[in-house]
Amino acid sequence: MDERRLKESFSRVAAYGDEVPLFFYSHLFLSHPEVREMFPVSMAGQRDRLLNALGRIVSDVSSHDALVPYLKGLGRDHRKFGAMAEHYPAVGASLLATLAHFSGPTWTEELARDWTEAYTIIAQVMTESAAADENTNPPWWGATVVGLERRTLDVTVLRVAPDMPLPYIPGQSVAVECEARPRVWRFYSMANAPRADGTIDFHVRIVDGGSVSGAMARHIAVGSRLRLGPPVGTLRLDTASPRDVILGAGSTGLAPLKAMIEQAAGLPNPPRVHLVFGARSATELYDLADLEKMATQWPWLTVTPAVSADPEYRGESGTVADVIGRRVPLAGQDAYLCGSSAMVAATMGRLQSLGMPQDHIYVEDYGWSES
Amino acid sequence: MTRANSQQLTPERVRSAAFSPARLGRRGLDEAQVHTFCEWVSDELARTLNENTMLQEEVLRLRDRLLKGRGNSGIQPEDGHVQAVYVLSKAQQTADRYVADAQNYSREIAEDAHKRHDDILREAKVRASMILEEAHASASRAARTVPETQEPLPAAERQELEAEIAYLRTFSDVCRTHLRAYMDSLSRSIAEWERAEQDAATAARESRLQPSQQALSRRFHVVVDSGRRK
């Protein structure tokens, strides 16, 4: 397999942009109509994801250390969509037809061989990883909603009980699918450390015009059924670190950080934790009552709410970045940040400009499962 | 310059096109000649574009055949016909657009609702403090106007009480009146908003459904008519 030839071939094809995945999926659905129902009605987001994944695979083709874990993750993750080993050759055939179609006269027998070889390896890593996962985990976890609190106009807190134990590390998230929006999965972070009864909390914020969050927050009732994918994500509390902890949460970005606080409470010697919980207005600090209760119970925990757009608010005003910069000494601290991309970027920039080393800052990163 | 039907239009011919001067008494070139030439150029261009499309289709067809002929490369590119792939792609894009439109519409409505929610809250806060201030002012005035009596101490006490009663009564009256007026205006504006939203939704639905409904009813009439004729 000539890796350079493969990369050149891909960049030629990828220049056609959205046309490429559009052709691929139409080709796949025509040759195997039975797989259509594994996908949502609107395919726009799906096409972006396919092109991104292919781009990542091709650009990492020479560095196996990066590629193999990524492919293994993809393989495991595809189990929840109902992907079986027998689907892989069908996908390979449509992929090759698509590449050939867009390559035009530049498609040669050598290229066909290169791509076939590459896809065979990709499919092998993915299917083997999926098969290994079958021994320990179901393709997805069924779960029942057992509690539901609508905290603000936008934020609902769900408590769900998975049918069987779902082991995870605080800071991780799972893809969630609800009956009202089949085949559309969205990631939500577990908002609590694992409990003895196995229940999990999710903080769901309605995104205006979002196709899933609205359904999650409004159409779900106690008793509704959900499907949860395997836990993913790299954000986790570094319990071996000698430093104390700053947590910066923007709105429902609080969820994984709250789980990490609960985890710290279980440690024999918890670090000092200072949580700055930010929102636009005081009414949007949807979980403050609970957090303050935790702070009273655990002397090592400090909670500072930050309100950015409410001139009448009497507490700390400003963004999470403002309040951390103003209130929290940064020396000898690790920082964990989670929230909107804008909030995370702004806060990370502020911490770095105040001299915090990059490797003491952890941010929520969905990695390959970004959506 | 005349149109030479038997000859091909070439870039060279366009560049070297020459027109006679207009007849005596008119300025410029001979209009009829220029017009004829432009028609020729336009016809030739249309023919070339058509030919181009046909050639492209031919290229796709040949490329497909070439790929099918190959096939020794492990995975067979099973070819769903390229035309069918394009048709399905078009359908998918249409579906995607409808979903995106619906999402945009719902986002606009939700953003509007948020804005109104914020506006109403802000206005309510301002109103509430105005109502309180005004009630306080009127009540103070009412308390001051309680007539002084000549009676000694116990009466002074009584007077003080009366003043306080007058204050409280006026305070609550003013608050009640203002609040009622405010609540009325609030529910009126919510009703208006709901009506506007329903109108918009109905209009959107009708504009989408009408053509197909009309077609349906037309077909229905035809069936009824033919039935009657029997």
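## Chain B: order of elements

Reading chain B from its N terminus, the elements follow the pattern α-α-α-α. That gives four helices and zero strands in this predicted model.

Burial in chain B comes to 6% of its 230 residues. As for its contacts with a separation of 6 or more, 51% join residues 24 or more positions apart.

## Helix H6 of chain A

Let's turn to chain A. Helix H6(A) covers residues 109-134, 26 residues in total, and spans 37 Å between its first and last C-alpha, close to the 38 Å expected at 1.5 Å a residue.

Which residues of H6(A) are buried? They are Leu111(A), Ala112(A), Trp115(A), Tyr119(A), Ile122(A), Ala123(A), Met126(A), Ser129(A) and Ala130(A).

## How H4 meets H6 in chain A

A handy starting point: two packed helices are described by the angle between their axes and the distance between the axes. For helix H4(A), residues 64-77, and H6(A), the axes come within 7 Å and cross at roughly 55°. Because of that angle, H4(A) counts as oblique to H6(A). The crossing of H4(A) past H6(A) is right-handed.

On the H4(A) side, the contact is made by Val68(A), Leu71(A), Lys72(A), Leu74(A), Gly75(A) and Arg76(A). H6(A) contributes Ile122(A), Val125(A), Met126(A), Thr127(A), Ser129(A), Ala130(A) and Asp133(A).

Note on methods. Residues numbered from 1 in each chain as written. Chains lettered and ligands numbered in written order. Predicted model: local features only at pLDDT ≥ 70, side-chain atom pairs only at ≥ 80, totals over all residues. Helix = DSSP H or I, 4+ residues; strand = E, 2+ residues; numbered from the N terminus. Expected span 1.5 Å × (residues − 1). Buried ≥ 20, exposed ≤ 12 C-beta atoms within 10 Å, placed from the backbone. Axes fitted to C-alpha atoms, helices over the stretch in contact; angles between N-to-C directions. Parallel < 35°, antiparallel > 145°, perpendicular 65-115°, else oblique. Left-handed = near helix turned anticlockwise from the far one by under 90°. Contact = placed C-beta atoms within 7 Å.
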